[in-house]
Amino acid sequence: MLRYVAARLAAMVLVMLLVSACVFVLMRVLPGDPVVAMVGMMDVSASTLAGMRHSLGLDRPLPVQFVVWLGNVAHGNLGVSIRSREPVTGVLLSHVPVTLELAALSLAVAVMVAIPFAMLAVRHHGRWLDRMLTAGSLVGVSFPGFVLALGLIYLMSLRLRWLPPTGYVSPVDDLADNLKLMIMPTLTLGLTSAGLLTRLLRGQLLEEISHGYVRTARAKGATERAIMVSHVLRNALVPFTTVLGNEAGVLLSGAVITETIFALPGVGRLAVENVLNRDLPVIQGVVLWSALLYLSINLAVDLIYGVLDPRVRYG
Amino acid sequence: MASSTHEFATDKIGWPRGRWLRWRHRVPASFGVAAVLVLVAIGAAWLAPYNPYQEHVTLRDALQPPSLHHWLGTDQLGRDVFSRILFGGRVSLGLGIFAVSIAASLGSASGLFGGYRGGWWDHALMRVVDALQAFPTLILAIGITAVIGTGVVGVTVAIGVVTIPIFARLARARVLQVRTLDYVEAAHAVGASGVRTMARCILPNVAGPLIVQASVSLSFAILIEAGLSFLGLGVQPPTPSWGNMINEGKEFLEQAPWLVFAPGGMIFVTVMTFNFLGDAMRDRLDRAGPA
């Protein structure tokens, strides 16, 4: 087990190095001089520009720049935002809590919808309820999140006037207002993920239910409920966890569109704003953060397999 | 729980069986809808009742609700929404099809080659694929548009880059399955070259899942294009795309909800059609058995 974790961590470091190299090269091939971008409209002499370039190390060979940059990244120093002049690490960390809250709430909604719906569909397999639920989950998968978000704003805020349309209040300041503002973004992301998860879990449950152990459990007199919950669901949760982990990775690295629509100051919105402003150090930071998070969650999911299914052996 | 074991085993993720749409009809049905969508996009210039770029900035013409003259109403500049949706479909679908075709060709070719040859090429390819798949799709796509710039070229490259890895991985995995089969050995024995073996023996036998993936990736590409254009990072106005139409229309959500929900509905129908087509083809392939 330890050997497996060590091997996976080593592979992850390798991929992160490749990812960093990709990000570094992409940002360096950009047309335009970062120093000129930094001084903006100010009238600065050529010698001052050269001095700035030297102090930032931009006049050194690319491989040297990469190693220096990598060293800084490893120490948590992602550079300074061109626009706000604040350290990127600080900017990034200030946006993480919003994304974290949104991701946690959305995943909770997704799981609370997907598990009962998939179990209901399997219980009524081939009948109208199954068909309705399967159609509903296909709609969930195909429905663009931003159309759902705008639909919710139109209905809940503009027509019924039940909820404020956009904005963010920290839960520390006012928990009730925070939750009120989080309802629509959470539903947008949760329901879209629920579509995918329901489809997958329904398929897995149907496959598991056809196995011999279910017949054995029935023959031994176990109730349908006990069979479904403690045998079938538990086995079907293994692939379900992979996709759930993937969804968690996507949500935690920033639900770009949802955060933008609902004006939530999360990591995704940070990425979009800075692409529009061409603030490359910040984009670089967001992209690296996303990749690191995504890979870590995938590793965590692989390790959870062993807990869910003791037959899984790490080799 | 009345269904037989056979049914459970074969009907995995697909549509529950029913009289109203039998599974054998699903491929032609969804293919038919997909063909209509593509034909409408191609024929937009003939089918559109108005010029999609024609502005009429008078109070009378702007933000008109759907009527007999303007089936889906008009936008804030008095342009006919129905005509813009037809032309937007040409951009959204055309761009998606183009990007996925390029990505599928490059991804499949490199996966095929890597799986067949093995060695350093295969290792290098898989590490690049790992690196590309380490990013959440939209974040990677946004990073690419940050580098290349917004507009049609940026979006096409972004969709291409995020789509290549899945084809490379899929093609490689399938090649590893068939590489040691008798007919490939036979081709080697009669002296066929590596390229000929790959093109004539292996490719036809691994193409099925790749075609299925192309359909699923197309729906994905349309969603990415719509997402990027919605964020203002994709196709730029006045060229209509479904995503940027929604982006422009969201400012008028209260007075003119059709500006958002008409293109949104088209994205939904198109994505659902290609998802459905992919699902149906996958089921048919599963039933037909492995190559």
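This is a predicted model: local features need pLDDT of at least 70, side-chain atom pairs count only at pLDDT 80 or more; totals for chains, interfaces and linings use all residues.

Visitor: What share of the area buried between chain B and chain A do carbon and sulfur atoms give?
Guide: Contact means heavy atoms within 4.5 Å, and 48 residues of chain B are in contact with 57 residues of chain A. Buried area is the accessible area (1.4 Å probe) that two parts lose on being put together, summed over both. Between chain B and chain A this area is about 4,800 Å², and the share from carbon and sulfur atoms is 77%.

Visitor: Which side chains meet in a salt bridge between chain B and chain A?
Guide: A salt bridge is a side-chain nitrogen of Lys or Arg within 4 Å of a carboxyl oxygen of Asp or Glu. Side chains of opposite charge can pair when their charged atoms come close. Across this interface the rule finds 1 salt bridge. With an N to O distance of 2.8 Å, the partners are B:Glu254 and A:Arg161.

Visitor: Which helix gives the most residues to the side of chain B that touches chain A?
Guide: Helices are DSSP runs (H or I, at least four residues), numbered from the N terminus. At least two residues each come from α1 (5-10), α5 (119-133), α6 (137-148), α9 (194-230) and α11 (258-288) of chain B. With 10 residues, the one that gives the most is α11(B).

Visitor: How do the residues on that side of chain B divide into nonpolar, polar and charged?
Guide: Ala, Val, Leu, Ile, Met, Phe, Trp, Tyr, Cys and Pro count as nonpolar, Asp, Glu, Lys and Arg as charged, and the others, Gly among them, as polar. On the side of chain B that touches chain A, the division is 30 nonpolar, 9 polar and 9 charged.

Visitor: How many salt bridges does the rule find between domain 1 and domain 2 of chain A?
Guide: Chain A is divided into domain 1 (2-74) and domain 2 (88-308), with bounds that come from an automatic or database domain assignment. Their centres, taken over C-alpha atoms, are separated by 34 Å, and the contact takes 15 residues from domain 1 and 14 residues from domain 2. The area buried between the two domains is about 1,300 Å², of which carbon and sulfur atoms give 79%. The number of salt bridges found across this interface is 0.

Visitor: Are A:Arg202 and A:Asp130 buried or exposed?
Guide: The side chains of A:Arg202 and A:Asp130 meet in a salt bridge at 2.9 Å, N to O. This pair links distant parts of the chain, helix α8 and helix α6 (residues 128-142) of chain A, 72 residues apart. Buried means under 20% relative accessible area, exposed over 50%, and partly exposed in between (1.4 Å probe, protein chains only). Because A:Arg202 has 3% relative accessibility and A:Asp130 has 0%, each counts as buried.

Visitor: What does B:Lys250 count as at its relative accessibility?
Guide: B:Lys250 forms a salt bridge with B:Glu251, the closest N and O atoms being 3.6 Å apart. B:Glu251 counts as exposed because its relative accessibility is 55%. At 28% relative accessibility, B:Lys250 counts as partly exposed.

Visitor: Which backbone oxygen lies 2.8 Å from a polar atom of the side chain of B:Thr145?
Guide: B:Thr145 is found in helix α6 of chain B and counts as buried because its relative accessibility is 1%. Beyond its neighbours within four places in sequence, its contacts include B:Gly154, B:Ala158 and B:Leu228. The backbone oxygen at 2.8 Å from its side chain belongs to B:Ile142.

Visitor: Is B:Thr270 buried or exposed?
Guide: B:Thr270 has its place in helix α11 of chain B. Not counting residues up to four places away in sequence, B:Thr270 touches B:Leu37, B:Leu93, B:Ile222 and B:Trp242. With a relative accessible area of 0%, B:Thr270 is buried.

Terms used:
Residues are numbered from 1 along each chain as its sequence is written. Chains are lettered from A and ligands numbered from 1 in the order in which they are written. Side-chain values use heavy atoms; hydrogens and water are left out. A polar contact is a pair of N or O atoms within 3.5 Å; within protein, one must be able to donate a hydrogen and the other to accept it, and residues adjacent in sequence count only if both atoms are side-chain atoms.
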